Amino acid sequence: MPLYLGVMSGTSLDGLDIALIEQGQATRLLATHYIPMPDDLRASLLALCVSGADEIARSALAAQQWVSLAAEGIHALLEQTGYEPQAIRAIGSHGQTVRHEPARGFTVQLDNPALLAELTGITVVADFRRRDVAAGGQGAPLVPAFHDAVFEHQGQHLAVLNVGGFSNLSLIDRDAPVRGFDCGPGNVLLDAWIQQHQGVNFDRNGAWAASGKVQSALLESFLGDAFFAGTGPKSTGREVFNLPWLQRHLATQPDTAPADVQATLLELTALTITESLTQAQPLTETLLVCGGGAHNQALMNRLAALLPATRVASTDAHGIDPDWVEAMAFAWLAHCCLEGIHSNRPSVTGAKGLRILGAIYPA
């Protein structure tokens, strides 16, 4: 059966996830590899999320560095598993999102798939999002089609939640097309706030958030953002939710203790997820969580408390490690591209119709 690699680097900018799958009638995860994001590359990518001088050259250089890191990880995974490059049919490379503005007709993922093909000797499929945007869609989220394909369920209504930098839901009803949308910030504000105040990259288990108290007035201010009033299809990114966004809201509550801000940000993530789910699919029986947020015990506890009639569990409960779902998805999207299979879902992105996603760079 054909083998594919998926390379995913999310908006949290913590590192690159690389997954090796076997794609037959079912998708099977064979091996994984993780590479932390070097500090200098992370800083370069963050800087490119806003306008600045010499952006074209800086983008090209950051893409080269990102691809070199991906190639290093791929070679390490192949050495670990004993596979030669020619055994891999293709790499699905997501690239690194630095701008996402579908309302203006564009989304930008830094990548250099031609260089990745040269460095690995493997065919690369990349640039998955822009075809959906060209067809009038949001270009995100793209993973609901994969979730629908791999998560079997016995009941009527299943939801899969990915909590990375941003949170997105896949709503799976066995009698209707899969639906999905971004809910809002996942870890992006939580990570930025704890980095600013404690110098660490994330709030392990949500412990700092759990030490604070939710501030109702601040939470109401957050929830007043226009993004939360809309229903899907919708997607978002650092263009909307970032530290300046947070500071504008804090200007009205200047004496809020940092731990209380963290607690309120966690409540924002939990509420926007659960309210979105309750509105869009009120009879959800099971919510499966993947991404870094699946390891945030405070968040998982809050989701369960807000959804008392829904079973909340990690995707581990269905046999897939929550850390590797997205990388697997982009390996699967590469398979779909090479096989001529439509892999966007208009019911998710709002595109005018089904499209084959991705551009192919032969080895």
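User: The expected span of a helix is 1.5 Å times one less than its number of residues. With that in hand, how far apart are the end C-alpha atoms of α12, and what span should its 14 residues have?

Analyst: Happy to walk through it, bearing in mind that this is a predicted model. Taking 1.5 Å a residue, the 14 residues of α12 should span 20 Å. The separation of the end C-alpha atoms agrees with that expectation, so both values come to 20 Å.

User: How many residues of α12 are buried?

Analyst: Buried means under 20% relative accessible area. By that cut-off α12 is mostly covered, and of its 14 residues the number buried is 13.

User: Which residue makes a salt bridge with Glu339?

Analyst: Glu339 is partly exposed at a relative accessible area of 42%. The N to O distance is 2.5 Å, and the partner is Arg89.

User: Is Arg99 buried or exposed, given its relative accessible area?

Analyst: Arg99, in strand β4 (residues 88-101), is paired with Glu55 in helix α2 (residues 55-81), 44 residues apart. Their side chains form a salt bridge with an N to O distance of 2.6 Å. Glu55 is partly exposed at 26% relative accessibility. Arg99 has a relative accessible area of 16%, so it counts as buried.

User: What is the relative accessible area of Arg104?

Analyst: Arg104 forms a salt bridge with Glu101, at 3.1 Å from N to O. Glu101 is partly exposed, at 21% relative accessibility. Arg104 is exposed, with a value of 61%.

User: How are α6 and α10 oriented relative to each other?

Analyst: The axes of α6 (residues 188-198) and α10 come within 9 Å and cross at roughly 170°. Among the residues that meet are Leu189, Trp193 and His197 in α6, with Val261, Leu265 and Thr269 among those in α10. Angles over 145 degrees count as roughly antiparallel. The two helices are therefore roughly antiparallel.

User: How many of the residues of α10 are buried?

Analyst: Helix α10 runs over residues 258-280, and its end C-alpha atoms are 33 Å apart, in agreement with the span its 23 residues should have. The helix is largely enclosed by the rest of the structure, because the number of its 23 residues that are buried is 18.

User: What distance separates the C-alpha atoms of Gly6 and Leu333?

Analyst: Gly6 lies in strand β1 (residues 3-9) and is buried, with a relative accessible area of 0%. Among the residues it touches beyond its sequence neighbours are Asp17, Gly92, Ala327, Phe330 and Ala331. Gly6 and Leu333 are 327 residues apart along the chain, and their C-alpha atoms are separated by 8.6 Å.

User: What is the omega of the peptide bond from Ala140 to Pro141?

Analyst: Most peptide bonds are trans. A cis bond joins Gly232 and Pro233, with omega about 0°, and Pro233 is in the loop between α8 (216-223) and α9 (243-250). Pro141 is in the loop between α4 (129-134) and α5 (144-150). The bond from Ala140 to Pro141 is also cis, and its omega is near -15°.

User: What is the phi of Asn205?

Analyst: Most residues other than glycine have a negative phi. Asp54, in the loop between α1 (39-47) and α2, has a positive phi of about 55° and is exposed at 56% relative accessibility. Asn205 is in the loop between α6 and α7 (207-211) and is partly exposed at 43%. The phi of Asn205 is positive too, near 60°.

Key:
Residues numbered from 1 in each chain as written. Predicted model: local features only at pLDDT ≥ 70, side-chain atom pairs only at ≥ 80, totals over all residues. Heavy atoms only, no water. Helix = DSSP H or I, 4+ residues; strand = E, 2+ residues; numbered from the N terminus. Buried < 20%, exposed > 50% of the residue type's maximum accessible area, 1.4 Å probe, protein only. Contact = heavy atoms within 4.5 Å. Salt bridge = Lys/Arg side-chain N within 4 Å of Asp/Glu carboxyl O. Axes fitted to C-alpha atoms, helices over the stretch in contact; angles between N-to-C directions. Parallel < 35°, antiparallel > 145°, perpendicular 65-115°, else oblique. Lists of a residue's contacts leave out its neighbours within four places in sequence.
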